[in-house]
Amino acid sequence: MALDDLKSALPDYAKDLKLNLGSVIGNSDLPAQQLWGTVLSCAMATRSPAVLRELEPEAKANLSPEAYNAAKGAAAIMGMNNVYYRTLHLLSDKEYSSMRAGLRMNIIGTPGVEKIDFELWCFAVSAINGCGQCLDSHEAVLRKAGVDREVVQASMKIAAVLQAVAGVLDSEAALASVTA
């Protein structure tokens with residue numbers, strides 16, 4: 001199992017991350033499409049080759065082709081939106097917020113999967129990318145649709161653990177190349 005390979009690649013000092021990988025992915029209560037779409041979109045958002053290489057095949061095996069593409073689409077669109085909307089939030093000049101974005105975001109309206117699943121993936125990617133405005137927006141859509149806070153939190157935990165795992169593995173790879 002790729003999850004076991006990912007856990008075994010982590011050094012001893014990251015034991016908590018190993019345990020958390022097992023609980024947030026291996027023992028998740030999320031339905032398979034929500035779980036593996038969140039995993040895939042977050043793995044892409046971490047930008048870590050090691051994390052993506054280990055988790056993508058299992059995500060692909062657990063998702064329909066439409067859900068697989070939609071999860072990748074969530075990572076792609078939020079990569080753009082999180083930068084744009086985080087910048088609007090951080091700018092002192094609030095005039096920019098009243099200006100038309102003029103950026104294409106068609107996938108949000110027609111993701112090819114259930115809207116709730118796509119919104120959950122967008123929320124998780126926004127957690128990794130640190131866009132408060134996008135987090136609030138996607139969380140509001142999820143809650144309005146009746147999604148429990150525990151489901152939202154589960155996606156948040158997946159995002160947090162995968163981002164931490166990516167940081168450790170990429171840092172260790174960089175250190176190994178320096179000492180080699």
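Okay, quick caveats: the model is predicted, so to speak of local features we need pLDDT of at least 70, side-chain atom pairs count only at pLDDT 80 or more, and totals for chains, interfaces and linings use all residues. Residues are numbered from 1 along each chain as its sequence is written, and side-chain values use heavy atoms, with hydrogens and water left out.

So, the helices, which are DSSP runs of H or I with at least four residues, numbered from the N terminus. Helix 7, residues 115-129, and helix 9, residues 149-179, have axes that come within 9 Å and cross at roughly 40°. Those axes are lines fitted to C-alpha atoms over the stretch in contact, with angles from 0 to 180 degrees between N-to-C directions.

Who touches whom? Contact means heavy atoms within 4.5 Å. Helix 7 brings L120, F123, A124, A127 and I128, and helix 9 answers with V151, V152, S155, M156, A159 and Q163.

C122 counts as buried because its relative accessibility is 0%; buried is under 20% relative accessible area, with a 1.4 Å probe and protein chains only. C134 is in no disulfide either, and its nearest cysteine sulfur, that of C131, is 3.2 Å away. C134 is buried too, at 6%.

Conventions. Helix = DSSP H or I, 4+ residues; strand = E, 2+ residues; numbered from the N terminus. Buried < 20%, exposed > 50% of the residue type's maximum accessible area, 1.4 Å probe, protein only. Disulfide = S-S within 2.5 Å.
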